[in-house]
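Subject: Handover of a structure and the findings from it

Dear colleague,

Please find the sequence and the structure below.

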Amino acid sequence: MSAVLAAFLDDYSAALRRHVAAPGQAGLTEGYDLGRRALVEDISLLDLTEHHYRTVADFAGTPADPRGAEVALEFLLQTMAALDIATRGYLDGTRRYEQQRSRAEDLAGRDAFRTALVESLQDGFFVADSHGTIVEVNSAFGVLTGYDADQVPYPLPHPWTLSERAGYPQIGTDASRFVMPIRHRDGRERWLAVSASSLVKQENNEQIFVGTVRDVTAEHDAQARDQAASRLATAVGAATSMVEVLAVGLDELRRTMGARTALVAVWPSRTGQPDVYSCGEPPSDEPETADGAPRFTAAPVPDPSGRVSLDEGTRGLLDRARRQPARGLSAITGEDSGVDAVVAPLGETGDAALWVRFAAPRVISAADWALYSLLVGHLSVALQRARNFDQARATSLTLQRAMLGPIELPPRFSVHYEPALPPLEIGGDWYDVVPLRDGTIGVVVGDCVGRGLSAAVVMGQLRTAARALLLRGAGPAQLLSELDAVAARIPGAMCTTVCAAVLDPERGMVRYSNAGHMPPILAPPGGPGRILEGGRAVPLATFETPRRPEATTALPPGATLVLFTDGLVEQRGYDIEEGFVKIAGVLSETGGALPRDVADAVLSRLCPPAGYDDDVAMVVYRQPPEPLHLDIPAAAAELTGLRRDLYRWFATAAVPHDLAADLVAAANEACSNSVEHAYRDAEPGRVTLTATCEGDRVVIEVADTGRWIPTPTDPGFRGRGVEMMRVLTEDLEFGHDENGTRVRMWVTLPSITFPTANPLRGSTRPSALHART
């Protein structure tokens, strides 16, 4: 027996005796304290019980004493109370431990199951904290992004994020479902569909995001191909000419393919040099447009200006590509096996090829080839359709303009024609200007009832008949009388209005007759315009008229005559007289302008906000002005005013600007010679200049009263004035005697060429035709 146990048992025996001798609460308390001591000193319950009964047997006197046994039992139970409490606590703890261990084992099994489940997912799995930091991923996530669980956490910005793709949400944000582009660790660009949910942890109320990611690159690429093809088809769908198709189609193709430059070479004659249409990065000497858009150029190769040029290798490459089967793409590889460019034939005639150059060599996947083939196919079809349309349009324009009027007009005329129903180039209105044998000029302006192609058919027949009558020598009244019979036999020609006039520039007269048409307006230079009301009668084929009236009026020198159709002045909500007043006002303000500028000013002043809603035909004629006489001192300072006056007179005489500049330079040189040489070593005299219109000629005479100085054999670096005057004029004559020197020079005013259709590029203004001086 140990000393601790012996001491405890002795103390227990003493306390038990005291309690039995004098039972009370103090003894019970002492017994409870002994029980707590037994717990501390690790006293066995068996030792305590055995010692208790031995002690009771020793001091109880007789075993039959019931009172002593009961009090002793009460003491023992009080001592064992502390032990009982400790035992029950131990058992409860043991039970809780077993429960916790069982729960832990269950949780461990569940975590293993969860881990196995997450790892078995084909989709990527992630867990992100409230700040968007990825704290857990599965192996599929690592396969999709290249970033696996070994490197977690992944804070914002995530390493797979494309910094250049702003606006896309991040994985682990509030967005629940979205598609975003990423860059895989190996450099590939992929598209992921993200599905995320927001949860709150119960233990700490922390918000987390749990979600999955799925690779949708194939679906995105397929959708992108469809969208790119749709954009290209939409862009070129409205184009009606080859240039329009290439202008929008090449730009869309270049942007979709991510290329630097896209160009098309077209061989118009299948041999020789091609025409090149280029879009993309401009040459170093040609910046982009002001709004930053890529420049589109169309120029033959080689281009003298250097804008677009092809080296021999590229030209040969395109020449071979155009002979390949339709829609056959070929790759041009670089040194590192990357694709530098793509070439392909365009159209179905073997005379066009496409060349697309990338900014850097790249690897092209099968999906890329499918997209490129689809885009090139759309562009090829659109190009062929546009070229077919161009050919049909060129044929149509040629026929239409042959119906409309002359290809060349006499000098001092300007005409304007605009149909109300584009894309037609003609309608029911027409004009005609016919030079006659006696030097006079016939002018006819008419307006058929209706509009569009049916009215144009009527117009063509009436215009042809009117021209034949003018060439046969019919005057204005006779012409309209005979047109009455013609119109009566043409369906739809009834009530056609016509104004016919014969101009005599030499005598300064105009004869005219009006069949229900808008009256002409005549304005002297600087004066108000007036309406020519004479010679008016009913429209064609309406009533029988025994004789149509005819009027004659003078054409003052420099006067402007305007004949037009009602589409110019008839506007809904406005009095027609207002239109006449506006035209008269414009003519009074533009007496010193070229006829083409007069036409533009009239159209601008009378144009409604929404544009003309009826056909408009207009003819502007300028009568030759009075001769110009200038008499100035023979001083260099006087030449500035002389040139200014001469420019002003040329504008009144309807001399084109470029020709006027040549004539002014020649006249200035002649006057400078008189100033510098005629009065050398003598008193300064005077120089006279006379400019006149002699039919289609403009004649300039410069005279002085000084001395003639022959041109030296070797004029040195000066003395080139005579040669310059010969080059700038049509003919040059010199005359000199004791009275002075005379220089006579002249030019013939050119005819006005009417614009024709371009079979390749189409009309630049499909709704209006201009022919100007």
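A salt bridge is a side-chain nitrogen of Lys or Arg within 4 Å of a carboxyl oxygen of Asp or Glu. The model is predicted, and for that reason local features need pLDDT of at least 70 and side-chain atom pairs count only at pLDDT 80 or more, while totals for chains, interfaces and linings use all residues. Residues are numbered from 1 along each chain as its sequence is written, and side-chain values use heavy atoms, with hydrogens and water left out.

Salt bridges

The structure holds 22 salt bridges. One of them joins the side chains of Arg255 and Asp251, at 3.7 Å from N to O. Both residues lie in helix α7, 4 residues apart, which is about one turn of the helix. Helices (H or I, at least four residues) and strands (E, at least two) are DSSP runs, numbered from the N terminus.

Arg255 counts as partly exposed because its relative accessibility is 48%, and Asp251 counts as buried because its value is 18%.

A further salt bridge is formed by Asp504 and Arg507, at 2.8 Å from N to O. Asp504 has 11% relative accessibility and therefore counts as buried, whereas Arg507, at 65%, counts as exposed.

Arg37 also forms a salt bridge with Glu41, their closest N and O atoms being 3.0 Å apart. Arg37 is partly exposed at 26% relative accessibility, and Glu41 is partly exposed at 28%. Asp11, Arg37 and Glu41 are linked in a network of salt bridges.

Pocket and cavity

Rolling a probe the size of a water molecule over the atoms shows where empty space is left. The search uses a 1 Å grid over the protein atoms alone: a cavity is a set of points where a 1.4 Å probe fits but cannot get out, a pocket is an open set with protein on both sides within 12 Å along at least five of seven lines, and lining residues have an atom within 4 Å of a point. Grid points are joined across faces, edges and corners, and a volume is the space filled by probe spheres set on the points.

The largest pocket holds about 1000 Å³ of space. Its lining consists of 27 residues, and those nearest the centre are Arg165, Glu189, Trp191, Asp221 and Asp368. Two or more lining residues come from each of β4 (189–200), α6 (217–237), α7 (242–257) and α9 (366–404). Which element gives the largest share of this lining? That element is α6, with 9 residues.

By class, the lining of the largest pocket has 12 charged, 8 nonpolar and 7 polar residues. Here Ala, Val, Leu, Ile, Met, Phe, Trp, Tyr, Cys and Pro count as nonpolar, Asp, Glu, Lys and Arg as charged, and the others, Gly among them, as polar.

The search of the whole structure finds 1 cavity of 30 Å³ or more. The largest cavity has about 50 Å³ of space. Residues that line it include Val569, Tyr574, Asp575 and Leu606. Helix α12 (residues 576–589) gives the most to this lining, with 3 residues.

Backbone features

Two peptide bonds deserve a look. The bond from Val152 to Pro153 is cis, with omega near 5 degrees, and a cis bond also joins Leu156 and Pro157, where omega is about -5 degrees. Pro153 is in the loop between α5 (139–145) and β3 (177–183), and Pro157 is likewise in the loop between α5 and β3.

Phi is positive in Cys495, near 70 degrees, although this residue is not a glycine. Cys495 sits in the loop between α11 and β16 (497–504) and is partly exposed at 36% relative accessibility. Ala654, also not a glycine, has a positive phi of about 60 degrees. Ala654 is placed in the loop between α14 (639–652) and α15 (657–678), and it counts as buried because its relative accessible area is 2%.

Yours sincerely

Conventions: Buried means under 20% relative accessible area, exposed over 50%, partly exposed in between (1.4 Å probe, protein chains only).
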